[in-house]
Amino acid sequence: MARITAITSQKGGVGKTTTAINLAAYLALAGESVLLVDLDPQSNATSGLGLEGPERSVLPDILSGARSWQDARQSTEVERLSCIPSSLHLQVPVEEKQARGPGVQALRRSWHTTPPEDLTHVILDCPPSLGPMTDLALGLADGVLIPVQCEYFAMEGLAQVLARVRQAEIDLAREIDISGLILTLYSPEVDLCLDVAQEVKRYFPETTLKTPILRDSTLAEATSHGQPISVYEPRSPGAWSYMNLAKEVLEHEWSQTRTRA
Ligand SMILES: Nc1ncnc2c1ncn2[C@@H]1O[C@H](COP(=O)(O)OP(=O)(O)OP(=O)(O)O)[C@@H](O)[C@H]1O
Ligand SMILES: [Mg+2]
């Protein structure tokens with residue numbers, strides 16, 4: 001049963017897309033079969049994987065059942081990592097009605113029932129808002145990963161996104177796992193960054209992941225070259241950060257499976 005994880009935060013520029021691309025790539029390198037779905041009309045995950053989006057978003061057709069997700073996915077440079085691209089043309093890709101409609105549960109069921117040799121992980125890259133695309137992502141997701149940039153007002157943004165997840169749990173009448181808060185753009189030499197990281201860990205000791213993602217300009221370079229860091233520069237602090245993050249995410253999932261068993 002594939003595990004569906006939304007990478008979400010209403011704050012812009014906190015590292016959602018960089019995390020989606022590089023976590024997905026390291027999960028695939030670890031032997032998992034990964035599908036990255038670009039839910040952001042900005043299409044940064046699509047271009048960051050070196051792909052070109054179609055003229056029109058494919059999502060409405062997938063949600064209406066007119067097209068299968070298998071048919072819409074594109075393979076990438078990384079073995080076992082595929083992507084459903086977003087449209088490069090800015091438009092509202094999914095109407096509010098469709099974001100909460102029956103197509104969402106049908107797609108979720110289809111991912112859950114795909115054999116593991118074809119799919120073990122779905123990663124959803126969300127736009128920086130709490131609008132229809134985030135509704136759609138939460139409707140699809142088993143869990144969420146929330147990047148938190150170590151800067152002023154990090155806690156306020158976090159409270160908002162956590163409240164949105166709790167509301168979605170009530171609306172959907174099921175649990176959504178807070179799979180982790182990820183400290184991103186982390187600079188251990190900057191006092192403010194350390195202070196904010198400590199504050200986040202103090203309030204959320206259980207959910208803050210142990211692996212901080214170091215600030216490393218190579219990550220930005222890799223994305224602009226349309227490659228995950230595992231391909232562009234595997235011997236870099238950014239690459240080590242995401243490799244360790246993938247390991248921690250897999251450990252979290254295995255511990256959950258063991259708890260349920
Ligand atoms: N760890 C990092 N070190 C250095 N630069 C980074 C790091 N993570 C992300 N960046 C850069 O910061 C910018 C914002 O990152 P990213 O696009 O991943 O954020 P986002 O949350 O997806 O943004 P948006 O809200 O616009 O979708 C990008 O230019 C990216 O290359
Ligand atoms: Mg983004």
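Visitor: Which helix gives the most to the shell around ligand 1?

Guide: This is a predicted model. In it, α10 gives the most to that shell, with four residues. Two helices, α1 (16-29) and α10 (217-224), each supply at least two residues of the shell.

Visitor: Which residues come nearest to ligand 1?

Guide: The shell holds 21 residues. Lys16, Thr17, Thr18, Pro128 and Ala220 come nearest.

Visitor: How many residues of each class does the shell have?

Guide: Sort them by class. Eleven are polar, six are nonpolar and four are charged.

Visitor: Back to α10. Which of its residues are buried?

Guide: Count C-beta neighbours: 20 or more within 10 Å makes a residue buried. In α10, Leu219, Ala222 and Thr223 are buried. They cover an arc of only 95 degrees around the axis, so they sit on the same side of α10.

Visitor: Which exposed residues does the face turned away from that side carry?

Guide: Ser217 and Ser224. After α10 comes Gly226, with a positive phi near 70 degrees.

Visitor: Now the nonpolar core. Which residues touch the most other members?

Guide: The largest core has 71 residues. Leu23, Ala24, Leu36, Leu124 and Ala137 touch the most other members. The largest share of this core comes from α1, with eight residues.

Visitor: What is Leu36 in contact with, leaving aside neighbours within four places in sequence?

Guide: Its partners include Ala20, Ile21 and Ala24. Leu36 is also in contact with Ala45, Leu81, Cys83, Ile123 and Asp125.

Visitor: How many bridges join β6 to β7?

Guide: Seven, and the two strands run parallel. β6 covers residues 143-149. One pair to look up: Leu145 has Gly180 in β7 as its bridge partner.

Visitor: Last, Gln98. Where is its place?

Guide: In helix α5, residues 96-99. Gln98 counts as partly exposed because it has 18 C-beta neighbours inside 10 Å. Leaving aside neighbours within four places in sequence, Gln98 is in contact with Pro60, Leu63 and Gly103.

Visitor: What separates the C-alpha atoms of Gln98 and Gly139?

Guide: A distance of 11 Å, for residues 41 apart along the chain.

Terms used. Residues numbered from 1 in each chain as written. Chains lettered and ligands numbered in written order. Predicted model: local features only at pLDDT ≥ 70, side-chain atom pairs only at ≥ 80, totals over all residues. Near = placed C-beta within 6 Å. Nonpolar A, V, L, I, M, F, W, Y, C, P; charged D, E, K, R; others polar. Core = buried A, V, L, I, M, F, W, Y, C linked by C-beta atoms within 7 Å. Buried ≥ 20, exposed ≤ 12 C-beta atoms within 10 Å, placed from the backbone. Contact = placed C-beta atoms within 7 Å. Arc of directions from axis to C-beta. Pairing = 2+ DSSP bridges.
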